[in-house]
Every structure is written in C-alpha cells, then in structure tokens.
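Please look at the sequence and the 3D structure below before reading on. The text after them goes from the overall layout to single residues.

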Amino acid sequence: MPDYLVVLESAWTIRDANSVDDAISIAISEAGKRLNPKAKFVEVEAGYLSCPYCEEELPCTLVVAKTALVGIKMEMKVYKADSEEHARRIALSTIGKALRDIPLEIIEVEEL
C-alpha cells in the first residue's frame, strides 16, 4: 500500500485586512487554529500564482475595501492508502471536518 502527498487549495475570506501580507498571515493563522489539534499534521502556506506575462510568482491574494480573499495551499501525507482516489477522499474528509464551510479543491496527488 503506497503513501501519497495530497495538495489542496482553499479560499479564505478575511475582513479588516490592511495589506496583502496582513491578510495572508491572518488566513494562515486562522487555518492553523482550526486544524489544530485534530489535523495538526497538515502543512499550511500561502498560495501563489504565476503571472502570465513575466512568469513571476505572485501571492494568491486580493484585497478590496479592507476585505481579502486569500488562496491557501495545504499539504497532507496520507499513509497506506489503497489508491490515489482513496488518498484524495481521506485528505478531503480529514481537512474538511476541521474546516467546515471552507471551499476545498484537490490540486495535486503525488505518490511518495
């Protein structure tokens, strides 16, 4: 039974954000609080997008009127899953229980 690394993407809304960096740090902190202690093994970091013109990495965050939408990337190792699909379901179930009402999407599954 192989092990898998499942990468998920999430959208997090932050109110009263003064800057992009402020919004990112608040979103990561809130996600970490909700994942701890049930899913403290999930790695949380800011999401990044590639600029279509210069191909530079940009933070996946938009701040308008002190309200931010932050893209968060979460990585979870799933051990001894039956298949790639089984690893996807385990990760979605584990993270989804801790982050109720937060949209999640799997962006990558890699066999370790």
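What follows is a walk through this structure, which is a predicted model.

Start with the overall layout. The protein has two helices and seven strands. Followed along the sequence, these elements come in the order β-α-β-β-β-β-β-α-β. The C-alpha trace spans about 50 × 35 × 20 Å along its principal axes. The accessible surface amounts to about 7100 Å², and carbon and sulfur atoms account for 50% of that area. Of the 112 residues in the protein, 32% are buried. Contacts also say something about how the chain is arranged: among those between residues at least 6 apart in sequence, 73% join residues at least 24 apart.

Now turn to the interior. In soluble globular proteins, nonpolar side chains tend to be buried together. Here the largest nonpolar core contains 29 residues. V6, W12, L35, V70 and I95 are the residues with the most contacts inside this core. Which elements give two or more residues to the core? They are β1 (4–15), α1 (20–35), β6 (67–78), α2 (84–98) and β7 (104–111). Strand β6 gives the most, with six residues.

Not counting residues up to four places away in sequence, V6 touches M74, E75, M76, V78, A87, A91, I106, E108 and V109.

A68 lies in strand β6. Its relative accessibility is 2%, so A68 counts as buried, the cut-off being under 20%. With neighbours within four places in sequence left aside, A68 is in contact with W12, T13, I14, A17, A23, L62 and V63. T61 is found in strand β5. T61 is buried too, because its relative accessible area is 16%. Beyond the residues up to four places away in sequence, T61 touches V20, A23, I24, L69 and V70.

Some nonpolar residues are found at the surface instead. L62, V64 and L69 form a nonpolar patch there, and together they have about 280 Å² of accessible area. Of these, V64 lies in strand β5, which covers residues 61–64.

Next come the links between charged side chains. How many salt bridges does a search of the whole structure find? It finds three. In one of them, the side chains of K73 and E45 meet, with a distance of 3.4 Å from N to O. This pair links distant parts of the chain, since K73 is in strand β6 and E45 is in strand β2 (residues 43–46), 28 residues apart. K73 also forms a salt bridge with E75, and there the closest N and O atoms are 3.7 Å apart. E45, K73 and E75 are therefore linked in a network of salt bridges. Are these residues buried, partly exposed or exposed? K73, at 25% relative accessibility, counts as partly exposed. E45 is partly exposed at 36%, and E75 is partly exposed at 24%.

Another salt bridge joins the side chains of R88 and E84, at 3.5 Å from N to O. These two residues are four apart in helix α2, so about one helical turn separates them. R88 is partly exposed, with a relative accessible area of 27%, and E84 is partly exposed at 37%.

Last, consider the cysteines. The structure holds zero disulfides. The cut-off for a disulfide is 2.5 Å between the sulfur atoms. C51 counts as buried, because its relative accessibility is 15%.

Key. Residues are numbered from 1 along each chain as its sequence is written. This is a predicted model: local features need pLDDT of at least 70, side-chain atom pairs count only at pLDDT 80 or more; totals for chains, interfaces and linings use all residues. Side-chain values use heavy atoms; hydrogens and water are left out. Patches are made of residues with over 30% relative accessible area and no salt bridge: like charges are joined within 9 Å, nonpolar side chains (Val, Leu, Ile, Met, Phe, Trp, Tyr) within 5 Å. Accessible areas come from the Shrake-Rupley method with a 1.4 Å probe; for residues, only the protein chains shown count as cover. A salt bridge is a side-chain nitrogen of Lys or Arg within 4 Å of a carboxyl oxygen of Asp or Glu. A nonpolar core is a set of buried Ala, Val, Leu, Ile, Met, Phe, Trp, Tyr and Cys residues joined through side-chain atoms within 4.5 Å. Buried means under 20% relative accessible area, exposed over 50%, partly exposed in between (1.4 Å probe, protein chains only). Contact means heavy atoms within 4.5 Å.
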